[in-house]
Amino acid sequence: QVLLEESGGGLVQAGGSLRLSCAASTASGDIFSRYIVGWFRQAPGKEREFVAAINWTGENTNYGDSVRGRFTISRDNAKNMAYLQMNSMKPEDTAVYYCAADRSFRVWITNEYEYWGQGTQVTVSS
């Protein structure tokens with residue numbers, strides 16, 4: 001199992017940038033590199049939306065249509081960290097952002113990741 005904690009959320013103006021971090025804490029005998037990582041977001045009254053995902057090694061990534069070209073997901077297994085760099089931000093990016101982890105590639109771009117953080121609020125002003 002793995003515990004996840006997001007940080008880096010806040011208020012930013014449209015066109016600005018923000019970097020989210022996800023710190024992972026694994027159980028004894030487990031390692032962070034065994035988990036793929038996804039970023040999701042949810043705005044009030046809307047369904048949870050896939051944002052980005054990264055595989056075990058960081059060699060493969062995927063992005064939701066609404067963020068492709070603006071957001072970049074990365075990870076540092078030595079530091080048990082994953083990141084989401086958000087550039088050219090828009091008001092519609094306003095949401096609570098969650099990081100998630102799972103041992104299986106099957107969940108890749110789905111909402112079925114086993115482990116989730118508590119979320120961090122991102123607000124983009126016009």
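Analyst: Buried means under 20% relative accessible area, exposed means over 50%, and partly exposed lies in between (1.4 Å probe, protein chains only). This is a predicted model, in which local features need pLDDT of at least 70 and side-chain atom pairs count only at pLDDT 80 or more, while totals for chains, interfaces and linings use all residues. Residues are numbered from 1 along each chain as its sequence is written, and side-chain values use heavy atoms, leaving out hydrogens and water.

User: Is Ser-88 buried or partly exposed?
Analyst: Ser-88 belongs to the loop between E8 and E9, strands being DSSP runs (E, at least two residues) numbered from the N terminus. Its phi is near 50°, a positive value in a residue other than glycine. Most residues other than glycine have a negative phi. With a relative accessible area of 43%, Ser-88 is partly exposed.

User: What is the phi of Asn-80 near?
Analyst: Asn-80 sits in the loop between E7 and strand E8 (81-86). Its relative accessibility is 23%, so Asn-80 counts as partly exposed. Asn-80 is not a glycine, yet its phi is positive, near 55°.

User: Which strands are the edge strands of the open sheet of 4 strands?
Analyst: In this open sheet the strands pair antiparallel in the order E1-E3-E8-E7, where pairing requires at least two bridges found by DSSP. An edge strand pairs on one side only, which identifies strand E1 (2-7) and strand E7 (71-76).

User: Which residue is the bridge partner of Glu-5 in E3?
Analyst: E1 and strand E3 (residues 18-26) run antiparallel and are joined by 6 bridges. Within E3, Glu-5 is partnered by Ala-23.

User: How many of the 8 residues of E9 are buried?
Analyst: Strand E9 covers residues 95-102. Strand E4 (residues 36-42) runs antiparallel to E9, with 7 bridges between them, and Arg-41 stands opposite Tyr-97. E9 is also joined to E11 by 3 antiparallel bridges and to strand E10 (residues 115-116) by 2. E9 is largely enclosed by the rest of the structure, because the number of its 8 residues that are buried is 7.

User: Is Val-124 buried or exposed?
Analyst: Val-124 is part of strand E11 (residues 120-125). Beyond four places in sequence, it touches residues including Val-12, Met-89, Pro-91 and Thr-94, contact being heavy atoms within 4.5 Å. At a relative accessible area of 6%, Val-124 is buried.

User: How far apart in space are Thr-61 and Ile-73, C-alpha to C-alpha?
Analyst: Thr-61 lies in strand E6 (residues 61-63) and is partly exposed, with a relative accessible area of 36%. Leaving aside neighbours within four places in sequence, its contacts are Ala-53, Ile-54, Ile-73 and Trp-108. Thr-61 and Ile-73 are 12 residues apart in sequence, and their C-alpha atoms are separated in space by 7.3 Å.
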